[in-house]
Amino acid sequence: PFRNRGRITDLINSGKLFADIGLAPLDPARDRVMICGSPAMLRDAVDLLASAGFAEGSSHAAGSYVIERAFVG
């Protein structure tokens, strides 16, 4: 057991991640996110970011998050 454990998306949703590190929750006006992981993790993270107002970026348009699609499972 360790005091910092759990799915990152659950820790972000609950606010525990930010309370533990002493920072404000993610805000698309000031934060940029890069996510990488399994297809299920990416779906959860994209849903979380979209519900918080983040927009996916691409090589053609800047956004507030990007996805590294290199997972080989």
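Q: Is Asp-31 buried or exposed?
A: In this predicted model, Asp-31 is buried, and its relative accessible area is 19%. The cut-off for buried is under 20%.

Q: Which residue does Asp-31 form a salt bridge with?
A: The partner of Asp-31 is Arg-30, and the closest N and O atoms of the pair are 3.6 Å apart.

Q: Which other residue meets Arg-30 in a salt bridge?
A: Asp-27 does; the N to O distance between the side chains of Arg-30 and Asp-27 is 3.3 Å. Together, Asp-27, Arg-30 and Asp-31 are linked in a network of salt bridges.

Q: And how accessible are Arg-30 and Asp-27?
A: Arg-30 is partly exposed, at 46% relative accessible area. Asp-27 also counts as partly exposed, with 27% relative accessibility.

Q: How many salt bridges are there in the whole structure?
A: A search of the whole structure finds 4 salt bridges. One of them joins Asp-44 to Arg-7, with the closest N and O atoms 2.9 Å apart.

Q: Changing topic, how many helices and strands does the chain have?
A: The chain contains 3 helices and 2 strands.

Q: What pattern do they follow along the sequence?
A: Read along the sequence, the pattern is α-α-β-α-β.

Q: What does the C-alpha trace span?
A: Along the principal axes of the chain, the C-alpha trace spans about 40 × 35 × 15 Å.

Q: How much of the chain counts as buried?
A: Of the 73 residues in the chain, 23% count as buried.

Q: What share of the contacts comes from residues 24 or more positions apart?
A: Among contacts in the chain with a separation of 6 or more, residues 24 or more positions apart account for 46%.

Q: Back to charges: how many positive and negative side chains are there?
A: The chain has 8 positive and 8 negative side chains. The centres of these two sets lie 5 Å apart.

Methods. Residues numbered from 1 in each chain as written. Predicted model: local features only at pLDDT ≥ 70, side-chain atom pairs only at ≥ 80, totals over all residues. Heavy atoms only, no water. Buried < 20%, exposed > 50% of the residue type's maximum accessible area, 1.4 Å probe, protein only. Helix = DSSP H or I, 4+ residues; strand = E, 2+ residues; numbered from the N terminus. Contact = heavy atoms within 4.5 Å. Lys, Arg positive; Asp, Glu negative; His and termini not counted. Charge placed at Lys NZ, Arg CZ, Asp CG, Glu CD.
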